[in-house]
Amino acid sequence: MVETPATAQTPVPRTPRASPRSARARERRASTTGEVAGIAITSARRIIDVASGIRKLDLVRYYARAAPWLLPHLRDRPVSLVRAPQGLAGELFFQRHITRAPIPGVSLYEDLDPGHPPLIGVDSLDALIHVAQMDAIELHTWNARVTAIELPDRVVFDLDPDPVLGWERVIEAAELTRTVLGDLGLEAFCKTSGGKGLHIVVPLVPGASWDDTKAFARAVAQRLASGWPTQFTATAGVEHRKKKIFVDYLRNVRGASTAVAYGVRARPGMGVSVPIAWEELAQTTGGAHWTLANIDARLKQLNRPKRGDPWARYAQVRQTVSSELTLRLEEGGA
Ligand code: ATP
Ligand code: MN
């Protein structure tokens, strides 16, 4: 068959050619492009984590499987992305705004961050798979919804242990945090970070301002540090954290974000942040107890009627913080 110049006016029927070159090209395409939820995944077979051998396609498929559990935690919140176009071995990009080409499917939240391009929303399966296709590994969410952005609907305490500490110390710290919050009449929920620690989440009915919520979080952190000085520090910086756990309360300012529940971490081994019941905490082995290698069994458990969702009560909890509560904490009463 005669090659038709690209400029030819008449359309040429696209008869598949049997040249070895195009066959190879086809093969290569098949092995590098996948499809998830109707979205073409490029470089699907690229290994993103050498430690676990996880490929980009494995990650995107996980996000599709986890979407029913993950999306409720993403929906209506500004989301920051950690993107790794070259995998974990390459440079990581922390992205809070949509600057250039929009990612298909994502929501653009204008004017929530004045003076900046729109914030990012990942509110649908379509958006989730598209951000994963764009090499996002981590998804971090704000403590407020876009519908009431000035009124946080949760407080997050990030427990960051000195790496020399045994995991049992982190478990103990989480239980203490729970107790202090419980004494204030506040129910708290726990999740692994997927990294080195735990996140304690306190759902709130929106009402208190960012300033009041942060002041409350700081007072809790200081109460922990003063009550159990050998266990906790409320001061950032590794020099203060020696053999202690840093209660990071600074996640509770406007614009701060925390790795989302059921989100993957861009770290060797690819840990997953997993909500747990308090009764399960003692059996965990670390912040990366769950990874992409063992998360499926966990997701399966969630669908079982008896065990179910360890955070099932989360949406029913009705509680608030206030400057009065903070004052009581600071004065040592409770
Ligand atoms: P670990 O349990 O290992 O401490 P973590 O999720 O608690 O895991 P990090 O991954 O260290 O902690 O996250 C630090 C915080 O800083 C997160 O809340 C994240 O949203 C934010 N963050 C991370 N990278 C950047 C960055 N480059 N710019 C701004 N904020 C960032
Ligand atoms: Mn942490």
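**Aromatic pairs**

A: This is a predicted model. A search of the whole structure finds five aromatic pairs.

Q: How are the rings of F189 and Y314 arranged as a pair?
A: They are tilted, with 55 degrees between the planes. Centre to centre, F189 and Y314 are 5.1 Å apart.

Q: Where in the chain do F189 and Y314 sit?
A: In distant parts, 125 residues apart. F189 belongs to strand β11, residues 189-192. Y314 is in the loop between α6 (295-302) and α7 (323-330).

Q: Is F189 buried or exposed?
A: Buried. The relative accessible area of F189 is 5%, and the cut-off for buried is under 20%.

Q: Which residues make up the ring cluster?
A: F189, W311 and Y314, linked by ring pairs.

Q: How many residues surround ligand 1?
A: 14. The closest are D160, S193, S257, R265 and R267.

Q: What is the distance from the D160 side chain to the oxygen atom of ligand 1?
A: 2.8 Å, from an N or O atom of the D160 side chain. H199 has a polar side-chain atom 2.9 Å from an oxygen atom of ligand 1. For R251, an N or O atom in the side chain is 3.1 Å from a ligand 1 oxygen.

Q: Which residues does N143 touch?
A: Leaving out residues up to four places away in sequence, the list includes R251. R77, P152, D153, R154, V156, W210, N252 and A256 are on it too.

Q: Where is N143, and what polar contact does its side chain make?
A: N143 lies in the loop between β9 (136-141) and β10 (154-161). Its side chain makes a polar contact with the side chain of N252, at 3.0 Å. N143 is buried, with a relative accessible area of 1%.

Q: Next, helices. Which residues of α6 are buried?
A: I295, R298, L299 and L302. They sit on the same side of α6, because they cover an arc of only 100 degrees around the axis.

Q: What do the buried residues of α6 pack against?
A: Helix α2 and strand β16 (275-276).

Q: Where is D58 found?
A: In helix α2, residues 56-74. D58 is partly exposed, with a relative accessible area of 24%.

Q: What lies 2.7 Å from a polar atom of the D58 side chain?
A: The backbone nitrogen of R55. As for R45, it is 13 residues from D58 along the chain. The C-alpha atoms of R45 and D58 are separated by 8.5 Å.

Q: Last bit, the whole chain. How many helices and strands?
A: Seven helices and 16 strands. Of the 334 residues, 49% count as buried.

Q: And what share of the contacts with a separation of 6 or more comes from residues 24 or more positions apart?
A: 67%.

Technical notes:
Residues are numbered from 1 along each chain as its sequence is written. Chains are lettered from A and ligands numbered from 1 in the order in which they are written. This is a predicted model: local features need pLDDT of at least 70, side-chain atom pairs count only at pLDDT 80 or more; totals for chains, interfaces and linings use all residues. Side-chain values use heavy atoms; hydrogens and water are left out. Rings of Phe, Tyr and Trp (its six-membered ring) pair if their centres lie within 6.5 Å; planes under 30 degrees apart count as stacked, over 60 as edge-to-face and the rest as tilted. Helices (H or I, at least four residues) and strands (E, at least two) are DSSP runs, numbered from the N terminus. Buried means under 20% relative accessible area, exposed over 50%, partly exposed in between (1.4 Å probe, protein chains only). A polar contact is a pair of N or O atoms within 3.5 Å; within protein, one must be able to donate a hydrogen and the other to accept it, and residues adjacent in sequence count only if both atoms are side-chain atoms. The arc is that of the directions from the helix axis to the C-beta atoms. Contact means heavy atoms within 4.5 Å. A residue is near a molecule or strand if one of its heavy atoms lies within 4 Å of it.
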